[in-house]
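Hello,

Here is the structure I promised to pass on. Please open it first, then read the notes below.

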Amino acid sequence: MKKLVLLVLLLCAVMIQGCDFGKKEPTQPTPPPKQEIKQQSFIVYRACADGREKLLPEKFTINDNGKPIAENALIALVSTKPQDSRMEDVFPIGTKVLGLRVDEQGTAYANFSKELTKKSQGSYGEMMLCYAIANTLTEFPEIKRVQILIEGKKVTTISGHMDVEEPLIRNKDFL
């Protein structure tokens, strides 16, 4: 009988040991999984500040915002100031990129707000502006030529000095 009582007490002790009676160990909160932030790197071309007919490359790396990389490059070109004093910004204040579409033949349709036409600039400024757009976008292999649009419409010129009625191709002489 002693053995039976000892066995029952032993079983009770084991059962009590396994019960936590509502006590919970403090747990560490599980940190949320880290989301990998994708980045986009590209080059934009800016006019040379000393008046030479040259475009200088400027490298950008930005967080991916869900837009195509070519559109982000165009937005960066228009909406940021050069980071190097050797470069000049030729875009009128307030100019916005309204969209970018690339067709199957490799023509990019770069649509700008009407502010693009508001800066009175000479032929040099207009040429640098147009080829900054064309050379920036033709950095991307899928883009062969660039049609500049204002508010969704073709224009013959931006400031009256250069014909932009037809798509522009990359101008390597400026690089």
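**What the model shows**

Read along the sequence, the pattern is α-β-β-α-β-β-β-α-β-β-β. That gives three helices and eight strands. Please keep in mind that this is a predicted model.

Some overall values come next. The protein has 175 residues, and 38% of them count as buried. Its accessible surface comes to about 11,400 Å². Carbon and sulfur atoms hold 57% of that surface. Among contacts with a separation of 6 or more, 62% are between residues 24 or more positions apart.

Now to strand E6, residues 145–150. Five of its six residues are buried, so the strand is largely enclosed by the rest of the structure.

Which strands pair with E6? There is E5, residues 107–112, which pairs with E6 in the parallel sense over six bridges. Here Ala108 stands opposite Val146. E5 and E6 also belong to a right-handed β-α-β unit, together with helix H3, residues 123–137.

E8, residues 168–169, pairs with E6 in the antiparallel sense over two bridges.

E7 runs antiparallel to E6, and two bridges join them. Leu149 stands opposite Lys154 in E7. E6 and E7 form a hairpin with two residues between the strands. In that hairpin, Glu151 takes a positive phi near 50 degrees.

Best wishes

How values were computed. Residues numbered from 1 in each chain as written. Predicted model: local features only at pLDDT ≥ 70, side-chain atom pairs only at ≥ 80, totals over all residues. Heavy atoms only, no water. Buried < 20%, exposed > 50% of the residue type's maximum accessible area, 1.4 Å probe, protein only. Helix = DSSP H or I, 4+ residues; strand = E, 2+ residues; numbered from the N terminus. Pairing = 2+ DSSP bridges. Right-handed = clockwise from strand over helix to strand, strands pointing away. Contact = heavy atoms within 4.5 Å. Areas by Shrake-Rupley, 256 points an atom, 1.4 Å probe, with all protein chains shown as cover.
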